[in-house]
Amino acid sequence: MLNNRFMPGAPVWVDMCAPDLGSVSGFYRELFGWELQQGAEDVGGYSQYQLSGRTAAGAMAISADEAAPAWTLYLRTPDVDATVKAVEQAGGSTLFEAVDILDLGRMAGLTDTAGVPFSVWQQGELKGLDVLNEPGGLVWTELYTPDVSAATAFYGAVFGWQTTEAAFPGGSYTMVHPAGGSADDMFGGIVPLASDPSETGAYWLPYFQVDDCDAAVAKARESGGEVRMEPVSMEGVGRFAKLADPAGAKFTVLQPSPPGEQGR
């Protein structure tokens with residue numbers, strides 16, 4: 001699962017965008033207990049979802065014609081400008097050029113070879129998310145892509161990601177961790193689109209931890225969200241379900257297996 005070492009190439013932040021944050025903030029408050037902290041003008045109104053005073057995610061209001069509501073994953077880099085060049089050399093593209101965010105850090109928006117958006121963050125005063133691997137916090141990530149080999153080659157070239165294959169009945173699951181890391185540093189999986197008919201486009205999918213998956217799904221329904229996949233259990237992983245908030249941004253909730261049963 002994720003950790004707060006924030007190694008180069010590992011997830012460091014996640015945020016969502018929607019035309020009206022007010023329409024979704026109540027949903028996330030009911031689901032995770034998040035409170036929306038409105039952003040100041042000096043950061044362009046960029047807001048944060050907080051849990052007991054700690055940052056769990058970011059949020060940005062956008063116009064309906066700017067982009068579809070979605071969650072975006074940020075990967076840590078010691079040098080944003082060098083990473084932008086590496087992305088372009090590996091066949092990706094730049095959505096927006098590197099920019100300094102006050103003294104907080106430096107970032108850029110990019111896409112991989114399948115056109116999947118992601119961002120990179122070079123730490124300044126802001127290290128990363130405070131809430132990880134606990135209820136209401138980011139706990140895992142998945143990349144849905146048409147070509148797993150191409151994706152691992154791209155992210156390997158840019159960030160040095162290393163992969164591990166986990167076998168399961170009928171196939172295998174590609175897990176990734178930063179260069180120089182170990183199984184303890186695994187933070188995500190790469191999934192072929194063809195393996196899940198419910199997924200029609202390539203994208204990064206964040207997982208947020210919950211105490212009770214079924215209760216979270218019921219609460220999401222009551223709060224105006226969409227259940228994209230009903231809860232399922234997986235030995236050694238836990239119980240999870242795919243959801244979307246009222247604006248349409250996709251994510252997954254995960255009730256992890258007890259620590260002694262994980263990885264079996």
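Is the crossing of H1 and H4 left-handed or right-handed? In this predicted model, the crossing of H1 and H4 is right-handed. By class, the contact between the two helices has four nonpolar, no polar and two charged residues. The residues that meet are Phe27, Glu30 and Leu31 in H1 and Ala216, Lys219 and Ala220 in H4.

The axes of helix H1 (residues 21–32) and helix H4 (residues 213–222) come within 9 Å and cross at roughly 155°. Angles over 145 degrees count as roughly antiparallel, and H1 and H4 are therefore roughly antiparallel to each other.

**The open sheet**

Eight strands form an open sheet of mixed pairing, in the order E10-E11-E12-E9-E13-E16-E15-E14. Strand E10 (162–168) and strand E14 (226–234) are the edge strands, each of which pairs on one side only. From one strand to the next, the twist averages 25°.

Within this sheet, strands E15 and E16 run antiparallel and are joined by seven bridges. Lys242 stands opposite Thr252 in E16.

**Helix H3 and the sheet**

Helix H3 (residues 148–159) lies across E9, E10, E11, E12 and E13, and runs at about 145° to E12.

| Strand | Residues |
|---|---|
| E9 | 138–145 |
| E11 | 171–177 |
| E12 | 188–192 |
| E13 | 203–209 |
| E15 | 238–244 |
| E16 | 250–256 |

Definitions and conventions:
Residues are numbered from 1 along each chain as its sequence is written. This is a predicted model: local features need pLDDT of at least 70, side-chain atom pairs count only at pLDDT 80 or more; totals for chains, interfaces and linings use all residues. Side-chain values use heavy atoms; hydrogens and water are left out. Axes are lines fitted to C-alpha atoms, for helices over the stretch in contact, and angles run from 0 to 180 degrees between N-to-C directions. Helices (H or I, at least four residues) and strands (E, at least two) are DSSP runs, numbered from the N terminus. Angles under 35 degrees count as roughly parallel, over 145 as roughly antiparallel, 65 to 115 as roughly perpendicular and the rest as oblique. A crossing is left-handed if the near helix is turned anticlockwise from the far one by less than a right angle, and right-handed if clockwise. Contact means heavy atoms within 4.5 Å. Ala, Val, Leu, Ile, Met, Phe, Trp, Tyr, Cys and Pro count as nonpolar, Asp, Glu, Lys and Arg as charged, and the others, Gly among them, as polar. Two strands pair if DSSP finds at least two bridges between them.
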